[in-house]
Amino acid sequence: MTRTARLRTAHPVLWAGWAALAAGAVLCVLGWYGVSGERWAERQLPYLASCTIPGAALIVAGAVLLAHARGAVAASRVEELYGLLVAAEPAGPDASGRPAGAPVAVGGEMLMVPGGTLWHRADCPLVAGKAEAVPVDTGLIASGALGPCPICEPAEETG
């Protein structure tokens with residue numbers, strides 16, 4: 001079922017849910033008004049049976065219809081996003097000629113920024129040209145104090 005078909009079936013259900021809620025609220029108000037005007041319990045029962053109980057049932061039915069329709073709308077959106085994700089073609093080489101999915105940097109020297117939590121290749125865009133970048137101490141990498149940069153993926157060369 002396509003997104004538009006699913007949305008077409010969800011919209012009437014939404015309208016039906018709102019209509020049931022409104023009708024139920026009107027019946028409950030009419031039942032309350034009728035009950036409030038009667039002093040004796042035996043005269044209040046017809047209002048409860050004919051207005052208040054059906055009104056409460058319509059409110060519950062409307063809430064169920066609204067929940068179902070909103071779930072259908074959400075499901076159609078998830079299906080649409082999944083379709084976009086699956087249909088996305090892998091990109092060809094970018095302007096630099098490197099294939100899609102390849103690391104941004106490929107240099108051999110590893111750098112870190114003092115106080116940082118990641119280690120990078122020397123030509124990583126996050127540290128390239130930064131005077132404060134210093135060579136990585138292999139002890140920090142081994143201890144787990146520094147993690148590999150997700151941009152330049154230095155773990156591929158050293159792993």
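Visitor: Which residues does the UniProt annotation "transmembrane region" cover?

Guide: According to the unreviewed UniProt entry, the annotation covers residues 12-35 and 47-67. UniProt positions follow the numbering used here, feature names are shortened, and annotations may be inferred rather than shown by experiment. The model itself is predicted: local features need pLDDT of at least 70, side-chain atom pairs count only at pLDDT 80 or more, and totals for chains, interfaces and linings use all residues. Residues are numbered from 1 along each chain as its sequence is written, and side-chain values use heavy atoms, with hydrogens and water left out.

Visitor: What makes residues 12-35 count as helix or strand?

Guide: Helices (H or I, at least four residues) and strands (E, at least two) are DSSP runs, numbered from the N terminus. Residues 12-35 are 100% helix and 0% strand, with end C-alpha atoms 34 Å apart. Residues 47-67 are likewise 100% helix and 0% strand, and their end C-alpha atoms lie 29 Å apart.

Visitor: Why do β3 and β4 stand at the edges?

Guide: The 4 strands form an open sheet of mixed pairing, in the order β3-β1-β2-β4. β3 (134-135) and β4 (147-148) each have a single partner strand, so one side of each is left without a neighbour in the sheet.

Note on methods
Two strands pair if DSSP finds at least two bridges between them.
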